[in-house]
Structures are given as structure tokens and as C-alpha cells.
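Open the model in your viewer and keep the sequence panel beside it. The tour goes from one selection to the next.

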Amino acid sequence: MRLLIDTNVFLEVFLNQEQAEAARSLLSMVGEHDMFLVLSLPVNEVERVARATERFRLDFDDAYQYAVAEVHDLTIISLDSDFDRTIRGRMVPAQLLQRG
């Protein structure tokens, strides 16, 4: 499974918030596999951001991440429930950890 890990997962750890332990475990698990990449959208795919903004009522940064996940076929890992309104949905760190 290829993942898009939302920034809020990292912030959860840095700010030691409610789901920090699950987020920390997830990042450790992913880090063991050395799989961190920074992805962007090709110029010809940028219009996907506007479509996601309109279709799913996402703000710009969520719409951009959604479009990246769509183009690169990634599972969204996020603590942001706005992704629940989308076709791709999201998983929270604890769900992914339960899957092993």
C-alpha cells in the first residue's frame, strides 16, 4: 500500500496531541521501510485541485493533497475528517496500524 501522510499526522506527534502515540508508531513503521518521498502534481494535472475543491468542499491544501493521492494512487492517512467527504476517503494512523 502506497500512502500519502497528511501533515497533520506529523503535527500530532510534534504537539503531543491526543493521537500522538498512534501517529508516532505509524511514522516509525513507515520510516523503517525508508519510503518517504515528496510528490507534486504535474502541470497538466493541476486542474484536479480546483475540481476537488468544488466537488468535495476542500480547502486548497486538502484539495492539493487529494489530487496528488489521486494521480499517484495513494491511500490518504490523515486526522482531517474533511477527506471523509471524498471518494478516496482516508484512514487514521490507528486504522493502518491495526491492519499490520
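Where is Asn16 found? Select Asn16: this residue lies in the loop between helix 1 and helix 2. The model is a predicted one. Asn16 is not a glycine, yet its phi is positive, near 50 degrees. With a relative accessible area of 57%, Asn16 is exposed.

**Helix 1 and helix 2**

Now select residues 7-14, which are helix 1, and residues 20-32, which are helix 2. Their axes come within 8 Å and cross at roughly 115 degrees. The crossing of helix 1 and helix 2 is left-handed. To see the contact, show the side chains of Val9, Phe10, Glu12 and Val13 in helix 1, and of Ala20, Ala23, Arg24, Leu26 and Leu27 in helix 2. Coloured by class, this contact of helix 1 with helix 2 shows 7 nonpolar residues, 2 charged residues and no polar ones.

**Helix 3 and helix 4**

Move on to residues 47-56 for helix 3 and residues 60-72 for helix 4. These two helices pack at an angle of about 115 degrees, and their axes are 8 Å apart. Helix 3 passes helix 4 in a right-handed crossing. On the side of helix 3, pick Arg48, Val49, Ala52, Thr53 and Phe56. They meet Phe60, Ala63, Tyr64, Tyr66, Ala67, Glu70 and Val71 in helix 4. The residues of this contact of helix 3 with helix 4 comprise 9 nonpolar, 1 polar and 2 charged.

**The nonpolar cores**

Which residues have the most contacts inside the largest nonpolar core? Select Ala52, Leu58 and Tyr66, which hold that place in a core of 14 residues. Helix 3 and helix 4 are the elements that give two or more residues to this core. Helix 4 gives the most, with 5 residues. Centre the view on Ala52: leaving aside neighbours within four places in sequence, Ala52 is in contact with Arg57, Leu58, Ala63 and Tyr66. Then look for a second, separate core of 10 residues, which includes Leu27, Val30, Ile77 and Met91.

**Salt bridges**

How many salt bridges does the structure hold? There are 7 salt bridges in the structure.

Begin with Glu47 and Arg51, whose salt bridge has its closest N and O atoms 2.6 Å apart. The two residues are 4 apart in helix 3, so about one helical turn separates Glu47 from Arg51. Glu47 is exposed, at 53% relative accessible area, while Arg51 is partly exposed, at 43%.

Next select Arg85 and Asp82, whose side chains meet in a salt bridge at 3.2 Å, N to O. Both are partly exposed: Arg85 has a relative accessible area of 33%, and Asp82 one of 23%. Elsewhere, salt bridges that share partners join Glu45, Arg48 and Glu70 into one network. In the bridge of Arg48 with Glu45, the closest N and O atoms are 2.4 Å apart.

**Last stop: Asp73**

Finish at Asp73, in the loop between helix 4 and strand 2 (75-77). What is the phi of Asp73? Its phi is positive, about 55 degrees, although Asp73 is not a glycine. At 56% relative accessibility, Asp73 counts as exposed.

Notes. Residues numbered from 1 in each chain as written. Predicted model: local features only at pLDDT ≥ 70, side-chain atom pairs only at ≥ 80, totals over all residues. Heavy atoms only, no water. Axes fitted to C-alpha atoms, helices over the stretch in contact; angles between N-to-C directions. Left-handed = near helix turned anticlockwise from the far one by under 90°. Contact = heavy atoms within 4.5 Å. Nonpolar A, V, L, I, M, F, W, Y, C, P; charged D, E, K, R; others polar. Core = buried A, V, L, I, M, F, W, Y, C linked by side-chain atoms within 4.5 Å. Buried < 20%, exposed > 50% of the residue type's maximum accessible area, 1.4 Å probe, protein only. Salt bridge = Lys/Arg side-chain N within 4 Å of Asp/Glu carboxyl O.
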